[in-house]
Amino acid sequence: MATQDTMTTETVPRLYKEARPGTDFQNSLKLLQRFRALHPNIPTKSGLMVEGAPAWMEGAARPAGSQKTPIGFLQRDPRTLSILWEDGHRDDFDVRDLRLACRCALCIEEMSGRKLLDPKTIRSDVSPRPIVSIGNYAINFDWSDGHNSGIYSFDALRALGASAAARSIENV
Amino acid sequence: MSDFQLADLPVSIRAETSLVDPDTCKFIVSRTLHPGGPFFFGNKERADGSPLVERLFALPGVANVLIAESVVTICKEPTASWSGLKAAIGTAIRTQLMTGVPAILEMHAHTGTQGRSDAELHTTIQELLDKQVNKSIASHGGKISVVEIRQQKLYIAMSGGCQGCASSQVTLRQGFEVMLKRVAPEIEEIVDTTNHAAGKQPFYPRHESGVKQ
């Protein structure tokens, strides 16, 4: 690109080695600082969303590994969250799909399992703020629409990923 | 010609229908469409002046549009069908990338009704060119400059990679004109004064006996 509108560097120190091998977290922060000083008019941003979630550990994947244990969370693009499972399988979820798949009592009627959440009411720019791990069986998203009561068990996420195989993907 | 690599690379677009909401489809593009964001357009009116979004809302059945860097999420009307629509959306995205102008107009639209002088119009249009258009088409090696404004007509010249480029008219009519209408609705016509055949090396040199397209 001939021009630069924003200066970006992402992720947290713990994930740095996996996300940007060969680089140094402190150096990146210094770069942002220096860039900011040189060009105060160009916005510098640093965005990340993984908090307390397991690191992306490609090396820990093994075929005999558990299908229900995530060994990595990664924001692949602004709208896609990838989960790497211990058996080496990777699921790419649309972040709004994850919001729509919430199984809390406000979104799914507890007794009947009837859906209470109308997809039309969730804007397409909904996104997770921090992701927090719950014990060793689930994660919780703090959604930008204010909803945060959903507990996403690893079992349910893996099943959602399996159903994703049936969705239509095509090149246009 | 290494300066023009970006414009020449093939664009791949992957359409993924939502797992949960059959009316939503996400289009993942191999190129950034607009930096920053996400930008959400809940209706047609909000799209005014943003070339890509106007083009998407022109397709029948598009209900709302989200653009986040290289990802476009489209929600369609429940009554519309995806068949044919996905391909049309892909074409709209490719056309946008071909124009080289920004997909989204971030400058404020002009809503005043009183007439502005040619000098005031010139300032506004120069601002649009400097702040948004030229920054973006510079990545294709091109540039648009104002020659003059006379009787509601804007005379412009296209230089650098634009001169002689087969896509320059797409840039002008599908991109720049859409944005211009929004910030300077007084302009009735854009006249391209560029001699696209002149110069030592226009983007596509003319061959007298060349193959006609």
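Begin by selecting A:Asn171 and B:Arg14: in strand β1 of chain B, B:Arg14 is the bridge partner of A:Asn171. Please bear in mind throughout that this is a predicted model.

Strand β9 of chain A, residues 169–171, pairs with β1(B) in the antiparallel sense, and three bridges join them.

Now display the whole contact between the chains. Chain B contributes 32 residues and chain A contributes 25 residues. On the side of chain B that touches chain A, the elements giving two or more residues are β1 (13–17), β2 (24–29), β3 (34–41), β4 (62–69), β5 (71–76) and α3 (85–99). Which of these elements provides the largest share? It is β1(B), with five residues. Colour this side of chain B by residue type, and it divides into 15 nonpolar, ten polar and seven charged residues.

Select B:Val72, which touches B:Phe27, B:Val29, B:Leu33, B:Val65, B:Ile67 and B:Ile93, leaving aside residues up to four places away in sequence.

B:Val72 also belongs to the largest nonpolar core, which has 50 residues. The members that touch the most others are B:Phe27, B:Leu56, B:Val65, B:Ile67, B:Val72 and B:Ile74. Select helix α4 of chain B, residues 118–137, to find the largest share of this core, six residues. Domain 1 (2–99) and domain 2 (118–192) of chain B both supply residues to the core, and therefore it lies between them.

Finally, select A:Phe73, A:Trp85, A:Leu100 and A:Ala101. These are among the 22 residues of another core, which lies apart from the largest one.

Technical notes
Residues numbered from 1 in each chain as written. Chains lettered and ligands numbered in written order. Predicted model: local features only at pLDDT ≥ 70, side-chain atom pairs only at ≥ 80, totals over all residues. Core = buried A, V, L, I, M, F, W, Y, C linked by C-beta atoms within 7 Å. Buried ≥ 20, exposed ≤ 12 C-beta atoms within 10 Å, placed from the backbone. Helix = DSSP H or I, 4+ residues; strand = E, 2+ residues; numbered from the N terminus. Domains from an automatic or database assignment. Contact = placed C-beta atoms within 7 Å. Nonpolar A, V, L, I, M, F, W, Y, C, P; charged D, E, K, R; others polar. Pairing = 2+ DSSP bridges.
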